[in-house]
Amino acid sequence: MSLQLLFDALALGGIYAIAALGIALIFGVMRLVNFAHGQFIACAVFALIVPSTDALAVLGLGALPAPVLVPLILLIGAGLAVAAEALVFRPMRNASPVALMVGSFALGVALQNLLLVLYGGRPKAVSLWAELGQPVQVATASVPLLQLIVIAAVAVILAGLALMLRKSRLGLEMRAAAEDFTMARMLGVRSNRVISGAFALSGALAAVVALVLVAQTGVADVRMGGQIMLVAFIATVVGGMGSLSGGVAAGLGIGAASALLQAGLPADARPFRDAFLYGGVILVLLFRPQGLFAPVGAKPRV
Amino acid sequence: MKRLASHVVALTLLAPPVLAQEDLTVGFAIAKSGWMEAYDTPAATAAMIRIEEINAAGGLLGRQIKVVEADTRTDRAESAKAGLDVLDQGAEMMVVSCDYDFGAPAALVAEGEGMNSFFLCAEDVKAGIQGVGPNSFSSSVLAPVQGATMAEWAHAKREARTAYVLEDTFIEYNKGICTGFNWMFPQLDGAQIVGSDTFKNDDASIASQITRIKELPEQPDVIMLCSFMPGAAAAVRQLRAAGINSLILNGSAVDGSYWLEATPDLSGFVVPVQGSIYGDDPRPEVEAFNKAYEAKTGSRPASQYAYPGYVLIDLWAKAVERAGTVEGAAVTAELEKMRDEPTAFGPRTFTSELHHQNTALMQIIEITGGKPARVDEWRISQPVPLDVLMKK
């Protein structure tokens, strides 16, 4: 495998891993598959531009310098997710997982239509950090600076999150809640705090994905989070529902497999890349229906 | 079926007293909400401009044209309902959504009534006889013609001899562009397609595709990018960022300057269009339309996709005048007699085999230093044959 291919695979896998982590975090604490995650991403992207249905987009927040912009967009993502939890999912706390899932679908549709009303249906151009596209020579590979930043950011975020989950009180509570939510509550874990914390983290991760996507593609589109959300959901299933590291590993794996298939398939088969990819996913699930890294807590106990 | 028949009977019994004979009703079953709205509204506005012009000049067959509307909500099932809705409101001709998938359910309703239907801007051969039926038309230019125009123009005017084809497999339109290019380019003297690859419009990254282009022994003269927004803007940004400086050719779908911010200072990017929105079209009628559009909406057209709406009403009204009736089959017969019928946006032809343009005079727009400008015009030397159009 060439070095170039390794970078391509890591960069795509990294984006999917971050998105998968955002989904796995929420599933871990409240058994909710948040199908609105894709719209969280889209909202964070559109937060960069001034609301208007004109064809030409005007940068709003996006014009701020990066040291201000990045934390601000992360905060917006986190705020949106926490608000969604408080307004939509908290009243549904005791509903069945299926009802929660349908609720998240509804929230996603509502958010998408809100964006349509505010911004119109036409994709918009957002020139964010265009200079990050410049290629950098790394040994034999020519890699866009952005790819290196994505790979580094994924590593930092994963390390930071792992540290937080192991060392901080909120992390301990989250792990306990993911293991057995009822038991954790009985032992004094405040459920609202844990769940809000998980949503805030998840929303901030959606904002990270949004920033990377915008920097990569230069466009904002109301439908843009959908495909990533789908891949991320599949990654959490393949990784084992509720397993954070499993979701991350599967996200990386799916991204890498996608890049490898694109590079390796003969030209006639390339349009069917995703069919091969999801064929592989089915194979994995046939042999390990519970996912690759299913946590012990996910097994039904009698 | 029986129920439908009884509805029709009920309608015909009810219709005469309700509908005054003075007004001639055109039904618009188009997206007024959802993401398709951004594409349907400009073309529908252009159609209204032509309708207002006709009404101001005394109407059609001595009758004023009245417009009724229904919303497809960018939904295939709602599209059929919208078709029935405008039918109930007395439509005698139906204008349907831009895209084949979203317009066809409504167009089929019109076809079932033996009524004419026009797609606002469909560029897929199915949006006509081949997919809907004998009374359905589109006034836009088929996607393969756009691809073939790019091939022949780049070969003649930019000495393109090697080409790389990058196809977005997301919608049929993209495949049509590449079909036309792949048909035309290899026929040309000394021209060769040196490679091809595919991607999907919503791919988060096309790094692997770019790596493949960079591994070629020599950069291709041109890259044929068969895609639309937002994927096309994303692909261009990534191609240029990776240092690939080949001339990039496209279909009409990427016309408009609204997305250029995505790749600052873009150069060497060419689009074929039916008319220029940038005020530099050599035909005064085009600029007159742009001004009329601005007067009506407050801004100039964002892309060339307003124009087919104007052309379709123009052509249909001419055929109605010649047929002396709005009855579907009679108007279709008149439309099918049109050979290089002049319009503000170039000549149009319909035949009993094809209700689309398999060749057209196209304006060539090139983007240099982030500024779009009309640089040339081109009409392909031979029409795209029907078997090429069909075997996508």
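This is a predicted model: local features need pLDDT of at least 70, side-chain atom pairs count only at pLDDT 80 or more; totals for chains, interfaces and linings use all residues.
Residues are numbered from 1 along each chain as its sequence is written, chains are lettered from A in the order in which they are written, and side-chain values use heavy atoms, with hydrogens and water left out.

Chain A has 11 helices and four strands, taken as DSSP runs (H or I of at least four residues for helices, E of at least two for strands) numbered from the N terminus. The radius of gyration of chain A, 19 Å, is close to the 19 Å that the globule rule gives for 302 residues, and the chain is therefore as compact as a globular protein of that length; the radius is taken over C-alpha atoms, and the rule is 2.2 Å times the number of residues to the power 0.38. Along its principal axes the C-alpha trace of chain A spans about 55 × 45 × 35 Å.

Of the 302 residues in chain A, 51% are buried (under 20% relative accessible area, with a 1.4 Å probe and protein chains only). Among contacts (heavy atoms within 4.5 Å) between residues of chain A at least 6 apart in sequence, 74% join residues at least 24 apart.

Helix α1 (residues 3–30) of chain A and helix α5 (residues 145–167) of chain A have axes that come within 9 Å and cross at roughly 40°.

Notes
Axes are lines fitted to C-alpha atoms, for helices over the stretch in contact, and angles run from 0 to 180 degrees between N-to-C directions. Buried means under 20% relative accessible area, exposed over 50%, partly exposed in between (1.4 Å probe, protein chains only).
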